[in-house]
Amino acid sequence: MALLSVLTPVLAVVLCLVLGYMLLKPRETETTARKTEGASKSKNFRPWVDQDLQDDTENTAREGGKKDDDWVDSNEEEDCPHVPYSPTRYPVDTMLQRSEDFYALLNQRRSLRFISPEPVPREVIDNVIRTAGTAPSGAHTEPWTFVVVSDLEMKHQIRQIVEAEEEVNYRQRMGDKWVNDLAKISTNWIKEYLDVAPYLVLIFKQTYGILPNGKKKTHYYNEISVSISCGILLAALQNVGLVTVTSTPLNCGPQLRVLLKRPTNEKLLMLLPVGYPASDATVPNLKRKPLDDIIVHI
Ligand SMILES: Cc1cc2nc3c(=O)[nH]c(=O)nc-3n(C[C@H](O)[C@H](O)[C@H](O)COP(=O)(O)O)c2cc1C
């Protein structure tokens, strides 16, 4: 009994300590979280970037001794006031007609591997690329560079790089399944169009931006943004009666980037030979999926 009366105040103290700890612990965690958040908002914070599309260039640059201080803070950038916007609104029958016409135009688009050497006005190419530059981009970073090559010698050097790599791709890297899948469209590593087409447009994604003060700027979703821009470019080419073949030369990016003297924050995404179709051009007789196979109404 005497022992119990001695232990009761001890137990009460222990109980109070346990309860006190349990009550204080979440607050502490909260404070730590707030502190972390505060730190995140501090100068060195780098926002989340599309992880799955992360690019090695960034890591390489960091390994090369670059610090977080090299990155621009979003609040260092200028404000952007809103202005009125009222685009053309069409009557429903006009909308219907325009949607049918646009579909008919783009449904004629084909990847052409036989391109005429006939010259194409440079202004048309400029306008088509201007159009591609209207694409949306993550946080309006416009992370694209379009390199337009018309110089004969440069085109030939590009062809040599692409064909050398493509031969290895077809013979070794791609594997039987990939090569068989391509058999139906009869492609191989010989790319005559790289010499013949009046223009080669090489589209680079800028994995990050570099401001005039030398600071780096995050280019959110740069690959998706540039891909959208390429889609618009294809539509713009179709609109003026020019042709191309979407090509993504495997393993050629670094060599072509160096050849074209592009900086390391740029990575080659696509190579488009552009011109009129050759008079004897052919295309594989592919069919497109019907609407019901690609649409889901909910
Ligand atoms: C991301 C992408 C990469 C492609 N890469 C190549 C390529 O390296 N070489 C090629 O001849 N065609 C390439 N193509 C073209 C496709 O083979 C072509 O779009 C497809 O066969 C459908 O034909 P169509 O464009 O005439 O509708 C590529 C297309 C896409 C979208």
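Contact here means heavy atoms within 4.5 Å. Helices are DSSP runs of H or I with at least four residues, numbered from the N terminus.

Before the details, the basis. This is a predicted model, where local features need pLDDT of at least 70 and side-chain atom pairs count only at pLDDT 80 or more, while totals for chains, interfaces and linings use all residues. Residues are numbered from 1 along each chain as its sequence is written, and side-chain values use heavy atoms, with hydrogens and water left out.

I'll start with the helix pair. From H4, Val128, Ile129, Thr131 and Ala132 meet Ser229, Ile232, Leu233, Ala236 and Leu237 of H8. By class, the residues of this contact are seven nonpolar, two polar and no charged (Ala, Val, Leu, Ile, Met, Phe, Trp, Tyr, Cys and Pro count as nonpolar; Asp, Glu, Lys and Arg as charged; the others, Gly among them, as polar). H4 covers residues 122-132 and H8 residues 222-239; their axes come within 8 Å and cross at roughly 145 degrees. Those axes are lines fitted to C-alpha atoms over the stretch in contact, with angles from 0 to 180 degrees between N-to-C directions.

Which ligand atom lies 2.8 Å from a polar side-chain atom of Arg288? An oxygen atom. A ligand nitrogen atom lies 2.9 Å from a backbone N or O atom of Thr246, and a nitrogen atom of the ligand is 3.4 Å from a side-chain N or O atom of Thr248.

Definitions and conventions
Helix = DSSP H or I, 4+ residues; strand = E, 2+ residues; numbered from the N terminus. Polar contact = N/O pair within 3.5 Å; in protein donor to acceptor, adjacent residues only side chain to side chain.
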